[in-house]
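Please go through this structure by region. Start with the loops, then move on to the sheet, the helices and the ligand shell.

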Amino acid sequence: MSKSGASQSGGEGEVITILLVDDIPDTLENIKKLISFEQDMKVVGTARTGTEGVSMAKELRPNIIIMDINMPDMDGIQATTLITEAVPTVAVIMMSVQNDPDYLRRAMLAGARNFLTKPIEMDELYNTIRTVHARNKPIAAQYAAVEGAAELRPKMANRQANERAGHIITVYSPQGGVGTTTIATSVASGLMKEGSKVLLVDADLQFGDISIVLNLQTQSTMVELIPDVDDLDTELFENIVATHDSGLKVLLGPKRPEFAEEVENNPEALAQILKKIAGHYDFIVIDTSTRLDDLLLALFDLSAKIVMVCTPTIPSVKNVRLVLDLFDKLKYPLDKVMLAVNRVPDDRQGKRSAVSLEKISDFLKRPVVTAIPSNEQIVNRAINKAVPVVASERDKSKSPIKELLDLSEAVYSDLVGEDEPELEPEEDPRKKPSGLRLRLGR
Ligand SMILES: Nc1ncnc2c1ncn2[C@@H]1O[C@H](COP(=O)(O)OP(=O)(O)O)[C@@H](O)[C@H]1O
Ligand SMILES: [Mg+2]
């Protein structure tokens, strides 16, 4: 095993970092020599076995691995399977003596991105490395964002005085009109306790409703932050953020649908801004539109929790299932998603025609965290008062205020609870999952 140089690449004069894995020393030397002639690529390590390749991949996290398919001990296919799972940012190029279609197919399934045939031709080597790297960059950036988001959440215990936890919670539904905005405003409001600083973000870029439902008139919106995204001034950010009477901070979306493009044209920008600003808030709650695009995916990646909203109807549940399947593919942990069923009928007739919570939970393979009943009167009154539903009445035991508060409590304890020292459940019943929190299907 030998290694050299940094494993990072990026910025100007970007250098593609490469790990070579082959059991034949001559091949390693040859490829290394060829690569040394090029300015934009560098061999940062060489491994002689599959096992060594896997451990060096984890340690060096290169951009590219050039992997021999035939090796004693662990072959290139097995090593690639392990590497793509452990280091998803890396792209593997498989090398073999001849183009055996079955080998190639298996290599593809293991996660290889391209192939080189021995003996290696100089130009083909350079082209393949550059092409694979260019294609892999956006994918690697997505994974890096997930990792970055995890690092972003410092443990409560060692957080500095002005450095807040910055938990990001995205509220989403693939269907419109199901209560996403209602739930986002209420969860944000519910999280404002014990001095927590909360930011509500309207990422429904074309038809965001937050400025209406909370009656926030302001000239400034997130559109103004976009030109400065690479060099965001936190003071500018604070000036742009609106403050609701309740103290809730709100980052409003574009004022008109046609201005949405400015934000959408740079799908990473909003996530980048929130990442930068997260340390100034305890919680950031994001309201979204139904549109599943790159911008939304970047927000999902960044989020510690995704509150997935559905109604007890077949189309709504079906669409949520499609999104959850996507999350599985993205390898999001199961507990990243909190399922909220809204507009649950409480009269017998309505219940009969609705899909039951048990069925929803079974079909979506996740527990329903909160079932929120319909109550037009209370919800509409809150809109008229321009306050979140949970802040609209003194009596917090009324539905759906009670259930919306349960949901925000569940979010709070999932995010903050885990950073606190564990208490024996018998000794502290408050630590148990709230009885109001329905945990079905388990
Ligand atoms: N639990 C509820 N009971 C009664 N009406 C609700 C409830 N949740 C949402 N609504 C109403 O449904 C409509 C859509 O809600 P909204 O939060 O704007 O959904 P979305 O953001 O998903 O489009 C609004 O008129 C809202 O007042
Ligand atoms: Mg909405």
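## Loop between H7 and H8

Asn-215 sits in the loop between H7 and H8. This is a predicted model. Asn-215 is not a glycine, yet its phi is positive, at about 50°. With 14 C-beta neighbours inside 10 Å, Asn-215 counts as partly exposed.

Asp-230 lies in the loop between helix H7 (210-213) and helix H8 (234-240). Is Asp-230 buried or exposed? It counts as exposed, because it has 8 C-beta neighbours inside 10 Å and the cut-off for exposed is 12 or fewer. Asp-230 and Lys-276 are 46 residues apart along the chain. Their C-alpha atoms are separated by 9.8 Å.

Arg-61 has 18 other C-beta atoms within 10 Å, so it is partly exposed.

Cis peptide bonds come next. One joins Lys-118 and Pro-119, with omega about -5°. Pro-119 belongs to the loop between S6 and helix H5 (122-152). A cis bond also joins Ser-399 and Pro-400, where omega is about 0°. Pro-400 is in the loop between H15 and H16.

## The eight-stranded sheet

An open sheet of 8 strands runs in the order S9-S10-S8-S11-S7-S12-S13-S14. Its pairing is mixed. Which strands stand at the edges? They are strand S9 (242-243) and S14. Each has a single partner strand, so one side of each is left without a neighbour in the sheet. Strands of a sheet pair through backbone hydrogen bonds, in either a parallel or an antiparallel sense.

S12 pairs with S7 in the parallel sense, over 4 bridges. Here Thr-170 stands opposite Ile-306 in S12. S12 and S13 also run parallel, joined by 5 bridges. Ile-306 stands opposite Val-337 in S13. Met-308 has Leu-339 of S13 as its bridge partner.

## Burial of S12

How many residues of S12 are buried? The count is 6 of the 6, so S12 is largely enclosed by the rest of the structure. In a regular strand the side chains alternate between the two faces of the sheet. Lys-305, Val-307 and Val-309 point one way from S12. Ile-306, Met-308 and Cys-310 point the other way. All of these residues are buried, Lys-305 included.

## Helix H3

Helix H3 covers residues 76-86. Its buried residues are Gly-76, Ile-77, Ala-79, Thr-80 and Ile-83. Seen down the axis of H3, these residues fall within an arc of 155°, so they line one face of the helix.

## Helix H16

Helix H16 takes in residues 401-416. At 1.5 Å a residue, its 16 residues should span 22 Å. The end C-alpha atoms are 22 Å apart, which agrees.

The buried residues of H16 include Ile-401, Leu-404, Leu-405, Leu-407, Ala-410, Val-411 and Tyr-412. Glu-403, Asp-406 and Ser-408 are buried too. Their cover includes strand S7 (167-172), strand S12 (305-310), S13 and strand S14 (368-373). Helices H6 and H15 are also part of that cover.

## Shell around ligand 1

Ligand 1 is surrounded by 17 residues. The closest are Gly-179, Thr-180, Thr-181, Thr-182 and Val-379. Which elements give two or more residues to this shell? They are helix H6 (180-191), strand S13 (337-344) and helix H15 (376-385). H6 provides the largest share, 3 residues.

The shell around ligand 1 divides into 10 polar, 4 nonpolar and 3 charged residues. H6, S13 and H15 contribute to this shell, and H6, S13 and H15 are also among the elements that cover the buried residues of H16.

How values were computed. Residues are numbered from 1 along each chain as its sequence is written. Chains are lettered from A and ligands numbered from 1 in the order in which they are written. This is a predicted model: local features need pLDDT of at least 70, side-chain atom pairs count only at pLDDT 80 or more; totals for chains, interfaces and linings use all residues. A residue is buried if 20 or more other C-beta atoms lie within 10 Å of its own, exposed if 12 or fewer, and partly exposed in between; C-beta atoms are placed from the backbone. The arc is that of the directions from the helix axis to the C-beta atoms. A residue is near a molecule or strand if its C-beta atom, placed from the backbone, lies within 6 Å of it. Ala, Val, Leu, Ile, Met, Phe, Trp, Tyr, Cys and Pro count as nonpolar, Asp, Glu, Lys and Arg as charged, and the others, Gly among them, as polar. The expected span of a helix is 1.5 Å times one less than its number of residues. Two residues are in contact if their C-beta atoms, placed from the backbone, lie within 7 Å. Two strands pair if DSSP finds at least two bridges between them.
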